[in-house]
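Please look at the sequence and the model first.

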Amino acid sequence: LETWHGSIATTGDLRDFEIRVADLRHKVDGGNANFQRPLAGKPFDRKSVRGLFHQAEQQFQFRRYDAATRFYEQSLERDPYHVDALSRLAEIQYRNANYEKGLEYAHQALAINAYHPQANYSTGILLKSLDQPVSALEAFAIASKATGYRSGSLTQMAEIYLAQNDLYRATAFAQKAISSD
């Protein structure tokens, strides 16, 4: 599915018009086209905890993990209980194969919120990498309660059971992962 960009030359009044593409219809009523959300707001403070975290997330999305780490750490200097920053740092440490350090960040996050989905998922992948399958399964079970982590957590659980040669559970969790996606 690709977004179509283009322009259509017209003449006349364009306050009211309709766009039709296959079964989709979008009607524009020019007299009532006021947005119900603000398009501009107060200046964004990039040095606030939220601002630093936002910059870290942008760097993380661009896979600039060193820069992201610096911004996450700066946000934690101002708010040491920022669970999302701790969870992201755990994930970055996992990507760098620093499993023990990642587990420290993940455990700090879980000490603040034991049911945080991202912190539990990070804990699970770190423990799995450290060959602690029982504890990893527990973390994945908690993470699987959140829709954003369900499929991934169930897949990880299936892999653990497969490695233990528990084919019944491996199949059951793999099927759950497929049906949750």
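Asn120 sits in helix α5, which spans residues 117–129. The model is predicted. Asn120 has a relative accessible area of 3%. The cut-off for buried is under 20%, so Asn120 counts as buried. Leaving aside residues up to four places away in sequence, Asn120 touches Leu110, Ala114 and Tyr115, and also Ala139, Ile142 and Ala143.

Lys176 belongs to helix α8. Lys176 is partly exposed, at a relative accessible area of 44%. Val134 is 42 residues from Lys176 along the chain, and their C-alpha atoms are separated by 19 Å.

The two residues side by side:

Now the helix pair. Two packed helices are described by the angle between their axes and the distance between the axes. Helix α7 covers residues 147–163, and helix α8 covers residues 167–180. They pack at an angle of about 165°, and their axes are 8 Å apart. α7 is therefore roughly antiparallel to α8, since an angle over 145 degrees counts as such. The crossing of α7 past α8 is left-handed.

Which residues of α7 and α8 meet? From α7 come Arg150, Ser151, Leu154, Thr155, Met157, Ala158, Tyr161 and Leu162. From α8 come Leu167, Arg169, Ala170, Phe173, Ala174, Lys176, Ala177 and Ser180. By class, the contact of α7 with α8 holds 10 nonpolar, three polar and three charged residues.

Methods: Residues numbered from 1 in each chain as written. Predicted model: local features only at pLDDT ≥ 70, side-chain atom pairs only at ≥ 80, totals over all residues. Heavy atoms only, no water. Axes fitted to C-alpha atoms, helices over the stretch in contact; angles between N-to-C directions. Helix = DSSP H or I, 4+ residues; strand = E, 2+ residues; numbered from the N terminus. Parallel < 35°, antiparallel > 145°, perpendicular 65-115°, else oblique. Left-handed = near helix turned anticlockwise from the far one by under 90°. Contact = heavy atoms within 4.5 Å. Nonpolar A, V, L, I, M, F, W, Y, C, P; charged D, E, K, R; others polar. Buried < 20%, exposed > 50% of the residue type's maximum accessible area, 1.4 Å probe, protein only.
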